Amino acid sequence: MTDSNLMKSPTPPLNRPHTGTEDHQARFAAISARTPVDEEFRTAFLRSKLHIAQTHPSLDKAARDQAVAGLVDRLGQETAEMEDTQPRPGGVGEGFFYTPDFKTSWGLGTSFSCDFVCPVPPGGNVNTWLYLTATNRSGLGVEAFVSYNGQDTPHFRVFDWSRSDPWQTDIPFTSLDNYLTTISAHGVLYPVLPAWNGTWAIDAETYRNQALLYNNVRQGWDLVYQYDYAATDSQQKTGWIGSWAPIVETFQSLYVNTNAMGALGTWLIGSDNNGLWGTWELLSPSNSYVRTDNMGFQLVFLDSNYAFVVDS
Amino acid sequence: MPIDPPPEPPLIIEQPGKPSSPIVDMRDAFARKTPQTEEDRAQARAFIDGKIEMIRRDPYMTDAEKAAAIADLEARR
């Protein structure tokens with residue numbers, strides 16, 4: 001390419017007046033030289049890029065590795081040595097949330113059931129809490145869920161949002177032999193814990209929360225928790241609590257090499273304002289949406305929107 | 001108005017299953033036997049803190065919705 005063919009810079013944007021370009025490179029360079037280097041910021045910047053590459057939800061593992069390698073190639077070996085391991089609670093590795101309309105489209109009662117896909121142990125780099133949990137749409141219902149703490153024995157726990165002493169049932173998996181089973185989905189056998197919980201009015205001022213587990217030995221549901229309390233319809237249907245269907249609730253920034261986990265067969269049922277229960281329906285895209293934060297999980301499969309399994 | 005409990009949810013049973021047996025009350029076996037401890041209260045705060053962070057990161061909620069939801073949860077801490 002000759003000088004006469006060199007491409008010129010574009011004309012300035014047209015959205016404001018322009019009276020000619022001045023060269024201020026030296027002044028800005030001098031100011032930059034006087035500004036202390038913020039190593040913490042630089043580290044955070046690189047760590048953030050690494051985190052995005054390591055957790056991009058639409059990249060498979062090979063593509064993530066390739067993205068990380070590309071970053072290391074561009075930014076230096078120090079990038080590869082940055083560990084993204086700071087605790088970071090409140091993420092949604094994968095899961096479903098109820099639409100606002102569906103969350104409140106029940107009369108005097110709502111009930112939920114699913115089979116939590118719950119590997120033992122969770123595997124990979126899980127080193128703190130990790131929950132497989134869900135609500136039944138009510139604001140004062142229970143979370144009857146699988147609770148991991150690192151690679152220790154998981155627990156089945158009940159957190160009752162209607163109580164001031166919310167931690168109730170707490171059972172290690174070693175005591176749940178009659179309830180843990182396996183189910184095949186998409187040709188793979190997964191360990192599951194079938195769980196069912198409900199919230200409904202038992203009189204004009206009182207609601208009942210229940211949690212049940214399916215006893216695979218006698219093939220029937222066992223009532224494991226129940227609590228009656230005073231509440232109003234407004235308390236049950238106002239606010240954010242009760243908005244999450246099955247989710248993988250995370251407490252770390254990045255998950256790597258975890259075993260397959262998730263939920264199968266998410267069913268919901270509601271009663272009308274006369275207390276007449278409808279029929280159980282699978283959760284669907286018309287009444288729920290998928291949330292995926294970048295935590296390193298990737299889908300093994302998703303059946304819209306009643307089942308998902310993720311690994312990392 | 002009092003209402004009956006909901007009917008049982010459908011089961012994912014691969015082999016032809018016999019009808020589900022009646023619900024059995026196992027609350028005694030599962031019930032918590034000890035009062036809430038300080039550790040329970042700390043765990044409850046951590047549990048709710050996690051939900052608050054979940055709200056903060058929600059890509060679909062407006063700032064006003066987040067503020068209201070967080071205020072509700074903070075009142076429960």
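Start by selecting helices α2(B) and α3(B): these two are roughly antiparallel to each other, because angles over 145 degrees count as roughly antiparallel. This is a predicted model, in which local features need pLDDT of at least 70 and side-chain atom pairs count only at pLDDT 80 or more, while totals for chains, interfaces and linings use all residues. Residues are numbered from 1 along each chain as its sequence is written, with chains lettered from A and ligands numbered from 1 in the order in which they are written.

**Stop one: the helix pair.** Colour residues 38–56 of chain B for α2 and 63–76 of chain B for α3; they pack at an angle of about 175 degrees, with axes 10 Å apart. (Axes are lines fitted to C-alpha atoms, for helices over the stretch in contact, and angles run from 0 to 180 degrees between N-to-C directions. Helices, H or I of at least four residues, and strands, E of at least two, are DSSP runs numbered from the N terminus.) Now show side chains: α2(B) brings B:I48, B:K51, B:I52, B:I55 and B:R56 to the contact, and α3(B) brings B:K66, B:A69, B:I70, B:L73 and B:R76.

**Stop two: where the chains meet.** Next, display both chains: 50 residues of chain A are in contact with 39 of chain B, contact meaning C-beta atoms, placed from the backbone, within 7 Å. On the chain A side, pick out β10(A), residues 220–230; with seven residues, β10(A) gives the largest share of the side that touches chain B.

(Strands pair if DSSP finds at least two bridges between them.) Finally, zoom in on A:L223, whose bridge partner in β1(B) is B:D25.

Methods:
Parallel < 35°, antiparallel > 145°, perpendicular 65-115°, else oblique. Contact = placed C-beta atoms within 7 Å.
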